[in-house]
Amino acid sequence: MFKRLGDTGATLTLSVDGKPIRARIGDTVASAMLHAGIDHCRTTPVSGAPRAPYCLMGVCFECLVTVDGVGSRQGCLVPVREGMKIETQIGKREAGR
Amino acid sequence: MMAADYDVAVVGGGLVGVATAWGLSREGLKVVVLDEGDRAVRASRGNFALVWVQSKGLGLAPYAGWTIRSSNAWSGFSDLLKQETGLDVCFQRPGGFTLALSERELENRAATLKRLREQPGMVDYKIDMLDHDQVKRMLPDIGPEVVGGSYCALDGHVNSLRLFRTLHGALNARGVTYLPSHRVDNITREGGEFQLATPHGTITAGKVALAAGNANMRLAPMVGLECPMKPERGQIVVTERLRPFLNHPVVTLRQTDEGTVMMGDSKEESIDPTGLTLGVSATEASRAVRMFPLLKSANVVRTWSAIRVMTQDGFPIYDESETHPGAFTVCCHSGVTLAANHALTVAPMIARGTLDKSLVAPFSARRFHVQAAG
Amino acid sequence: MNAADLAPSYDLVVIGGGPAGLAAAATAARAGLATVLFDENPGVGGQIYRGITANPVRNRAILGDDYWAGAALATETKNSGALIVTGATVWSLDRTLTVGISIAGQARLLQAKRVIIATGSLERPFPIPGWTLPGVMTAGGAQTLLKAQGLVPSGRTVMAGSGPLLWLLAAQILRAGGKLEAIVDTGSKANWLRAAMYLPDFLLSPYFKKGLALLREVKAKALIIPGRQIAAIGTDKLREVDVDGRRLPADLLLLHQGVVPNVNLANAAGVAHRWDKRQLCFVPLLDQDFQSSVPGIAVAGDGAGIAGGTAAAERGRIAAIAAVRALKPGANVPDPQTARQRLQQEELGRAFLDELYRPIEALRQPEGDTIACRCEEVTAQQIRETARLGCEGPNQMKAFLRCGMGPCQGRLCGLTVTELIANERGTTPDEVGYYRLRPPVKPITLAELASIPISEAERKAVER
């Protein structure tokens with residue numbers, strides 16, 4: 001859905017549901033997932049419908065993902081780091097995660 | 001004499017008002033509900049949704065029996081609503097807890113329950129004092145700071161916002177007239193009927209039921225009654241939706257059927273509904289994570305404050321007017337717990353035109369004079 | 001920067017690091033106020049200058065000169081002495097000017113003598129069938145990906161809506177080598193009639209020449225089709241876009257119909273708002289120095305009503321000068337008249353743009369099972385039916401349907417809900433009003449909330 005403009009920035013690797021994806025320094029979790037072609041980042045706690053990043057500016061809360069074990073993080077506001085473990089969030093968040 | 005517009009006018013469109021109006025409509029009466037607008041100070045939008053028994057009645061023993069009556073009627077009440085509207089208000093009665101975070105809190109709790117039980121005329125029902133291990137068997141996620149608590153099998157909870165919407169929907173389907181932004185400014189009685197003056201004209205009705213919460217203090221004297229009130233502010237903190245982890249409501253913390261976790265039960269004297277004391281929210285949050293440490297990372301999506309409907313002694317007021325026959329007060333805190341009583345017991349009494357003293361005599365506002373004289 | 005490293009109080013707390021916040025912080029700090037600026041993004045710039053301090057887009061022509069003008073402002077602020085804290089979320093603000101901040105999972109309360117809210121705007125809700133599907137995004141979102149991460153749409157991309165930003169983004173995507181299948185123009189011919197009376201002013205405004213050039217650039221390279229009814233089609237993700245019954249295969253649909261003030265923080269702080277009939281949104285009630293109804297709180301930038309990035313900076317300067325004059329009457333500040341004149345020049349063409357790009361009713365007031373509240377999945381029909389029950393406003397509606405109760409706290413449904421109720425009741429949005437918002441305006445964890453200071457009285461209000 002998105003391609004990278006030129007070859008800027010150093011690359012790093014993170015995982016989404018256990019699968020490695022490449023990202024750039026300067027990416028957010030949401031932009032890295034979009035660039036990797038990941039369809040959706042969560043399913044809703046109400047109906048289970050799939051959702052993907054929508055506003056990319058921190059207001060819509062559609063890009064909620066689990067980052068390094070902490071659920072409901074706004075993917076568009078979290079800068080990527082080497083080795084980061086991202087999980088798509090399925091339905092309601094589990095208490096304690 | 002002109003016929004009145006309605007058989008009965010219910011003043012107040014909160015939970016007490018709509019539960020009463022629904023019951024009146026079931027009795028076959030032509031009912032109007034007069035309500036304030038969207039910015040009304042409304043406890044029905046800010047309550048904690050417990051259908052709660054344990055510790056009710058300290059200071060007025062008959063209140064315990066009245067509460068148990070409603071708690072017992074709740075299941076049937078929710079079934080009736082479901083049959084009528086198709087909506088499930090998610091009433092559950094799994095038994096509830098009060099948790100203590102220190103030995104002192106646990107001692108206070110035991111002492112309170114002892115005083116409650118020792119009251120003359122007190123209905124007997126079972127409340128157990130439990131230690132940490134006993135609580136943990138039923139609430140496996142409690143933290144080490146929970147020293148124990150009390151448990152009562154009669155306690156439950158409900159989706160109170162859905163209850164509110166369901167009752168409004170049911171009233172609409174029954175043809176009850178609902179008039180928002182009709183704040184009642186004055187009530188008179190002439191020619192055997194009541195005239196209720198509102199900014200949008202005067203409504204006439206054969207009977208009047210005052211269910212306007214703290215505003216009953218202003219309205220009751222217009223019909224020869226009184227409702228001495230002492231409103232207070234409560235605050236609630238609520239989290240995002242979480243997977244179910246808590247099978248029993250705690251008096252200060254519950255997980256809703258939708259998954260959100262609510263924390264509450266604060267009391268402040270302030271009656272500013274727009275204000276909010278962050279330190280009070282913080283205390284609720286702090287106690288919540290001490291009780292259930294797995295909640296630490298749960299996101300708070302909202303806090304709010306609401307003004308409790310509270311009579312001066314905290315107990316309900318049900319009265320009928322001697323000077324203005326046909327005028328009644330239905331005024332109380334715990335509008336969720338008592339909703340079944342209001343719909344199924346109080347409303348039929350109002351429809352008949354007289355309160356059943358064997359059930360509600362202890363709740364007359366006359367008690368304030370007895371106490372004052374004594 | 002950790003939350004613990006912040007001072008307990010500041011003369012001025014500026015919330016938001018877009019043009020208004022940057023200009024305000026620079027002006028105040030240079031005049032000697034102890035100033036802190038918080039922004040929740042990884043870098044300053046706001047949405048308009050997103051990524052300005054670390055931009056991966058080397059070819060400056062892609063984003064254009066207006067974008068790069070933000071670099072000077074960011075540098076000015078950095079050198080002004082203001083403390084700039086990014087990755088910092090302001091979650092609470094009240095009448096006592098206590099500011100709740102969260103940085104890297106640590107919450108803190110600070111005391112401000114003055115506050116300037118510069119939280120800018122967000123895109124107007126675009127509630128059409130299927131707008132929650134993966135593959136549907138805001139145009140602003142795609143622009144953010146371009147500015148901050150150098151990402152360009154690569155699949156079959158359709159844009160739809162109206163407004164200057166839509167055309168700007170189209171131009172930027174095309175310059176960056178992206179392809180657009182079509183741009184669905186939802187503009188209304190009737191808007192031209194209303195806009196015409198403001199045309200003389202617009203001809204004098206800096207937007208006239210720029211806008212015309214932009215339109216020409218896009219129209220030369222992209223297929224423009226008019227549309228009134230738009231739907232995103234798909235089950236698991238976007239497959240097609242339906243435009244008045246015509247199906248366009250698509251992987252990405254970018255929606256935009258203007259921007260509106262992001263009122264959440266100001267609303268929660270108790271700032272009074274009014275409905276703006278021309279911009280079709282709530283705006284704070286402000287005086288000429290952008291001071292709100294809450295003493296000590298100003299709202300600058302697009303949060304004060306939409307006027308664009310250059311105007312936002314001037315508003316930030318004016319608000320900051322007022323703060324300096326209040327706190328340090330002897331301090332040397334620029335003459336606000338200069339800023340006011342520049343602001344007036346910037347605002348000159350606004351009425352024309354507002355009228356010309358006024359989003360059509362069909363795309364603001366949905367029907368049927370189109371979702372209005374994305375978080376709680378509440379449909380337009382549910383809202384309309386509940387309004388017909390006698391539910392007069394958004395606060396009762398929220399209690400009945402849970403709309404606005406999710407994590408976005410009404411940001412993506414508030415205007416829709418207000419307009420739908422007004423439509424059903426046959427009254428005005430001003431009469432209907434808006435959600436009453438409460439802290440935290442952005443979620444914080446229970447542990448964070450539990451960590452803020454608690455007085456003995458506050459503790460006793462809960463413990464028994």
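Four salt bridges cross the interface of chain B and chain C. Here a salt bridge is a side-chain nitrogen of Lys or Arg within 4 Å of a carboxyl oxygen of Asp or Glu. One of them joins Arg287(B) to Glu463(C), with N and O 3.5 Å apart.

This is a predicted model, in which local features need pLDDT of at least 70, side-chain atom pairs count only at pLDDT 80 or more, and totals for chains, interfaces and linings use all residues. Residues are numbered from 1 along each chain as its sequence is written, chains are lettered from A and ligands numbered from 1 in the order in which they are written, and side-chain values use heavy atoms, leaving out hydrogens and water.

The predictor's confidence in each residue is pLDDT, from 0 to 100. Chain C has a mean pLDDT of 96, and 100% of its residues reach 70 or more. For the complex, the predictor gives an ipTM of 0.97 and a pTM of 0.96.

Now back to chains B and C. Contact (heavy atoms within 4.5 Å) links 54 residues of chain B with 45 residues of chain C. About 4,100 Å² is buried between them, and carbon and sulfur atoms give 56% of it. Buried area is the accessible area (1.4 Å probe) that two parts lose on being put together, summed over both.

The rule also finds 21 residue pairs in polar contact between chain B and chain C, both residues at pLDDT 80 or more. A polar contact is a pair of N or O atoms within 3.5 Å; within protein, one must be able to donate a hydrogen and the other to accept it, and residues adjacent in sequence count only if both atoms are side-chain atoms. On the side of chain B that touches chain C, α7(B) gives the most, with 12 residues. Helices (H or I, at least four residues) and strands (E, at least two) are DSSP runs, numbered from the N terminus.

β15(B) pairs with β23(C), residues 444-445, in the antiparallel sense over two bridges. Strands pair if DSSP finds at least two bridges between them. Val300(B) has Ile444(C) as its bridge partner in β23(C).

Chain B also meets chain A. There, 11 residues of chain B are in contact with 11 residues of chain A. The two chains bury about 950 Å² between them, 49% of it on carbon and sulfur atoms. Arg241(B), Arg243(B) and Ser297(B) supply 56% of the area that chain B buries against chain A, more than any other three residues. Two salt bridges cross this interface. Arg243(B) forms one with Glu94(A), the closest N and O atoms being 3.6 Å apart.
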